[in-house]
Amino acid sequence: MRAAARQQPGSRNVSETTRHAQEIYVSGLRNQHAVEKQAVQLLERQVGRLENYPEMEARLREHIGESEQQAKRIEQLLEAFGSTNSTLKDMGLQFMGNMAALAHAPAPDEVVKNTFANFAFEHFEIASYRSLLVLAETVGHQDGLGLLRQSLQEEEAMARWIDEHLRPTTLRYLERSASGQTAGR
Ligand SMILES: [Fe+2]
């Protein structure tokens with residue numbers, strides 16, 4: 001917003017401000033594309049290890065499909081700005097990589113720890129989509145508003161599901177672990 005702050009009302013900097021906002025928007029879309037790829041990896045590592053939590057396995061599998069669609073939506077939006085898939089492949093996000101590593105570590109209580117990581121991940125995505133919506137609005141990108149809202153709603157639904165299942169998941173883990181059964185997966 002630095003360009004906007006410098007701008008005087010009615011000045012000739014309007015197009016520069018718009019171009020600046022567009023750059024931030026496009027780079028935000030690229031970042032979120034990388035996040036969606038990380039989301040798929042994060043979830044794929046978990047779904048094969050949830051034999052005692054079938055409901056969670058089913059919901060995570062569903063969200064893998066949603067995340068793939070969300071990545072495709074972003075690719076579609078980036079096409080309007082001349083971004084190609086080849087530039088997207090090189091993107092990596094250290095922060096999300098670390099969060100994914102947390103979920104990857106095998107632990108006796110992995111289902112519980114993965115729930116924390118998934119909860120954090122979904123809220124990261126919610127914040128990112130909300131911010132992208134502000135940028136789409138600022139640059140007047142109508143297609144972006146529609147598609148990003150759709151993805152945001154999916155992330156919010158997923159975050160709600162994780163929130164609602166934190167208690168039953170913890171209790172099930174506790175019950176299985178107290179009776180000496182495999183508890184964390
Ligand atoms: Fe997502």
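Me: Is Q70 buried or exposed?

Reply: Buried means under 20% relative accessible area, exposed over 50%, and partly exposed in between, using a 1.4 Å probe and protein chains only. Q70 is buried, at a relative accessible area of 0%. A word on the source: this is a predicted model, where local features need pLDDT of at least 70 and side-chain atom pairs count only at pLDDT 80 or more, while totals for chains, interfaces and linings use all residues. Residues are numbered from 1 along each chain as its sequence is written, and side-chain values use heavy atoms, leaving out hydrogens and water.

Me: How many residues does the protein chain have, and what share is buried?

Reply: Of its 185 residues, 43% are buried. The chain holds seven helices and zero strands, where helices (H or I, at least four residues) and strands (E, at least two) are DSSP runs numbered from the N terminus.

Me: Which residues are the protein donors of the iron ion?

Reply: Donors are N, O and S atoms within 2.8 Å of the metal (3.2 Å for Na, K and Ca); water is not among the atoms, so sites may look incomplete. Here they are E36 (OE), E36 (OE), Q70 (OE1), E125 (OE) and E155 (OE), lying 2.0 to 2.6 Å from the iron ion. Q70 belongs to helix α3 (residues 54-79) and E125 to helix α6 (residues 110-139), so this pair ties together parts 55 residues apart in sequence. E125 is buried too, at 0% relative accessibility.

Me: How many aromatic pairs does a search of the whole structure find?

Reply: One. Rings of Phe, Tyr and Trp (its six-membered ring) pair if their centres lie within 6.5 Å; planes under 30 degrees apart are stacked, over 60 edge-to-face and the rest tilted. The ring centres of Y25 and F81 are 5.7 Å apart with planes at 85°, so the pair is edge-to-face. Y25 is buried at 0%, whereas F81 is partly exposed at 25%.

Me: At what angle do the axes of α3 and α7 cross?

Reply: Two packed helices are described by the angle and the distance between their axes. Axes are lines fitted to C-alpha atoms, for helices over the stretch in contact, with angles from 0 to 180 degrees between N-to-C directions. The axes of α3 and helix α7 (residues 142-178) cross at roughly 160° and come within 10 Å. That makes α3 roughly antiparallel to α7; angles under 35 degrees count as roughly parallel, over 145 as roughly antiparallel, 65 to 115 as roughly perpendicular and the rest as oblique.
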